[in-house]
Amino acid sequence: MHGNEWDVTSAAGPAPGGTPVRPEGHRLVPLATALLQGDGLILHWSEDAEALLGYSAEEAVGSYAAQLLTDGTDRPEVLSLFAHIMGGSTGWSGVFPVRHRDGHKVDLEFRTYPIAGPAGTLLLLATASDIRALQAVEADLAVLDGVFDRSPIGMAVYDTELRYVRLNEALARMNGVPVAAHLGRRIPAVLPGINSVEIEQTMRQVLRSGKPVVDARSHGRVPGDPKRDRAWSASYFRLEDSTGRVFGVCSSIIDVTERFQAEARAARAQERLATIAEATARIGTTLDLQRTAEELIEAVVPRFADFATVDLLEPVLRGAEPTPIPSDRTVTLRAVAVGESYESGLAHAVDTVGETSEYAPDRSYTQCLRSGRPLLRAHVDAEVLRGLVASEDRVEPGIAAGIHSYLMVPLTARGMVLGGSEFIRMRNSEPFSDADVALAEELVARTALAIDNARLYRRERETALTLQRSLLPQEIHRTLGLEIAYRYLPSSVVSEVGGDWFDVVPLSCGRVALVVGDVMGHGIRAAATMGQLRTVARTLATLDMPPEQVLTRLDETASGIGEGQFATCICAVYDPLERTVQVASAGHLPPIWVTPDGTASRVEVPPGVPLGVGGVAFESIEFTLPEGGMVTLYTDGLVERRGQDLDDGIDLLADTLAGPGRTLEENCDAVLGALVTDGTEDDIAMIMARVLPLPADRIATLPLTGGGRLPGKARRFTRATLDAWGLTALSDYAELLVSELVTNALLHADAPRRLRLFRDRVLTLEVSDAGGAAPQLRPFAEQDEGGRGMFLVSELAQRWGSRLTRDGKVVWAELELPFGAA
């Protein structure tokens, strides 16, 4: 036999099956064993006996116990007691002093067991422990039992199958189940209302790893308090002996319901604050009304609700001011944003984005909108839902989707209701609470303000864009001998309208003025300035002023508008009869012209200064644009990009325009495709003009040279030409006008040069001469024989005028063409 140890914690109770439970850190008391013959000869001596008395097995075995363990004074008493024990059949127990090998006395508690040996011989098995060690263990056990039984916190011991082995009254009271009803059963059987699966997973982890777990949370309802959720904090450690043999798990449990509820409230409050902070950063990032509604949906799904919608009143979507909702009228709302956290099927039971619904005056939804206060239905059934939806056919799909809690908050801004936002919970088992209402009101209020700002912005922008569009040409008139294409693109980045403009102004004698300008800055003021400058430029051009004079007068106008109103402008006048272009610039970018063979280059125009600087003269140049040639005018929004040199943009424009074979419309698209790839930070205005051949039946010229009567010669030429053109009905008026114009040139210029007839939108009659003075309408008396020529021209012509040329002037008159003759 070998040494044994007696487990001092066996008082804690055996585990099922009789296995003693040994907590970690337990105290072990050596238990010495010895086997003696009937005469006292020692046959076996254990290791614990050697440790307790100092004699090795070699020294003890074969010696007589009385001689080895006593001195002469004790030996008679020992021999007498030994004889008594060997003569009995039940054994003996008691305390007796024995001698240690070093001579001191050791008080031992003995237990003896008579046993039968080989051949019927009588043997004695003796066990002994140090009485002082036993007393210390008993004191420890008393302390441990006191702690276990009197502790105010719950304590329990479980075996390796996680069955209760021992627990104190504190835990029994906590659970509302007697101690005896726990023993031998597992937690799920005793406490079915708590999260026992997670608890046992934790305990098994402790059994496997040996690592204690502190503050493991559990929650649920116990038999002692079945109507209230409770929470506990538990710590677990493994029970094992010094050899590593595992006996079970021990736990200490504290009720932390109040702390758990406080933490839950704090967590919910923190989550609400986080939701508000995130929504504040997310909602209202743009001035787009629908995007703002979508941002609210993204902020609340799925964190706050499983399903959410935003619906707006129709006037709000039109940018109009919302009005109070009448108590006797239906309300029409349009779905602007819808979102859900999972495929619930509810999306098929509500309006999709863009659809409208009408709510009767007695509906809860309508009444909520009218009051401007939230509508909370914490628990929803079919009857409740019937009062919320717009139509009966939406009740069944809503119930089928699992709606159990509903919250609607009106979108209110500046005291006016804009619409409503609905929040629905299905998978989220918690019903909406008053705290949820407060959170929803905060989020919806921010959204409503952003939506109203978007509405106001949309209205103001539409007003500005309408103003801007009204100031741009509404129709580009066809011009004989010239093909025109244009593009106008508002800025894709700047939110305000700009001041870019272009114009095509028909002039006398088939000529046309092309004007492109750019007011510096953006907004209503820039658009208004653009409108004024465009109107003035158009008026000046129709007065047959050359481009440099047009810019001079525009400069005066810009200076008078107000301080800081500057603009660049380029004005080009094309004469289809001469195929010449006169162009002047006020700080504008140079035109690009393309020859018939596709060579593109800049037109070097004197740059000038922007309009509004004042006091600076402008210069113009003239060049010939051959048939098939093309010229392009544009604003800087087309070629200017941040971080890129302006000349690079102009070169790219020229390269894109180079090469023959494309139509003007294809050229416009190619330019925008090459230069406007990612939007533009400024407006873009662009005009392209290409020279076309003039039809032979549209123009006729008569040189006014040589002898003879020039007025008569001019009249005959005019009648013959008009007859050939099918305009005989105009011959009488035309002959009279031509006669007066030629006669006036003979009398006042003394050098008529040419008569030219030009048929386009009107019939133009023009006479050029060498004089520099414009003809004047002069007063005359009835008895005067002359002075009525220009008066007759003014009365007969639809319009007349004159313009200076480099070698004189041209006087012209126009007649309306008969219907269908153009």
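In this predicted model, the largest cavity holds about 260 Å³ of space. A cavity here is a set of points, on a 1 Å grid over the protein atoms alone, where a 1.4 Å probe fits but cannot get out, and its lining residues have an atom within 4 Å of a point; grid points are joined across faces, edges and corners, and the volume is the space filled by probe spheres set on the points. Lining this largest cavity are 22 residues, of which Val350, Tyr359, Val389, Arg394 and Glu422 are the closest to its centre. Two or more lining residues come from each of the elements β12 (307-313), β13 (331-340), β14 (356-359) and β17 (416-425), where helices (H or I, at least four residues) and strands (E, at least two) are DSSP runs numbered from the N terminus.

Numbering runs from 1 along each chain as its sequence is written, and side-chain values use heavy atoms, with hydrogens and water left out. As this is a predicted model, local features need pLDDT of at least 70 and side-chain atom pairs count only at pLDDT 80 or more, while totals for chains, interfaces and linings use all residues.

The second largest cavity contains about 140 Å³ of space. Its lining is made of 14 residues, and the closest to its centre are Leu191, Ile194, Ile199, Ser218 and Ile253. Here the elements giving two or more residues are α6 (169-175), β10 (225-240) and β11 (246-255), and α6 provides the largest share, three residues. This second lining divides into 11 nonpolar, three polar and no charged residues. Counted by the same rule, the cavities of 30 Å³ or more come to four.

Alanine 390 counts as buried because its relative accessibility is 19%, buried meaning under 20% relative accessible area, exposed over 50% and partly exposed in between, with a 1.4 Å probe and protein chains only. Apart from neighbours within four places in sequence, alanine 390 is in contact (heavy atoms within 4.5 Å) with Ser357, Glu358, Tyr359 and Arg363. The C-alpha atoms of alanine 390 and alanine 360 are separated by 7.6 Å, although the two residues lie 30 residues apart along the chain.

Serine 508 belongs to another loop, the one between β19 (498-506) and β20 (512-522). With 1% relative accessibility, serine 508 is also counted as buried, and, leaving aside neighbours within four places in sequence, serine 508 is in contact with Asp544, Arg799, Arg803, Trp812 and Glu814.

Helix α19 (residues 646-657) and helix α20 (residues 664-675) have axes that come within 9 Å and cross at roughly 140°; the axes are lines fitted to C-alpha atoms over the stretch in contact, and angles run from 0 to 180 degrees between N-to-C directions. Gly649, Leu652, Leu653, Thr656 and Leu657 of α19 make the contact with Asn667, Ala670, Val671, Ala674 and Leu675 of α20. The residues of this contact divide into seven nonpolar, three polar and no charged.

For the chain as a whole, the secondary structure comes to 23 helices and 32 strands, and buried residues make up 47% of the 822 residues.

Methods:
Nonpolar A, V, L, I, M, F, W, Y, C, P; charged D, E, K, R; others polar. 1 Å grid on protein atoms, 1.4 Å probe; cavity = no way out; pocket = protein on both sides within 12 Å on 5 of 7 lines; lining within 4 Å.
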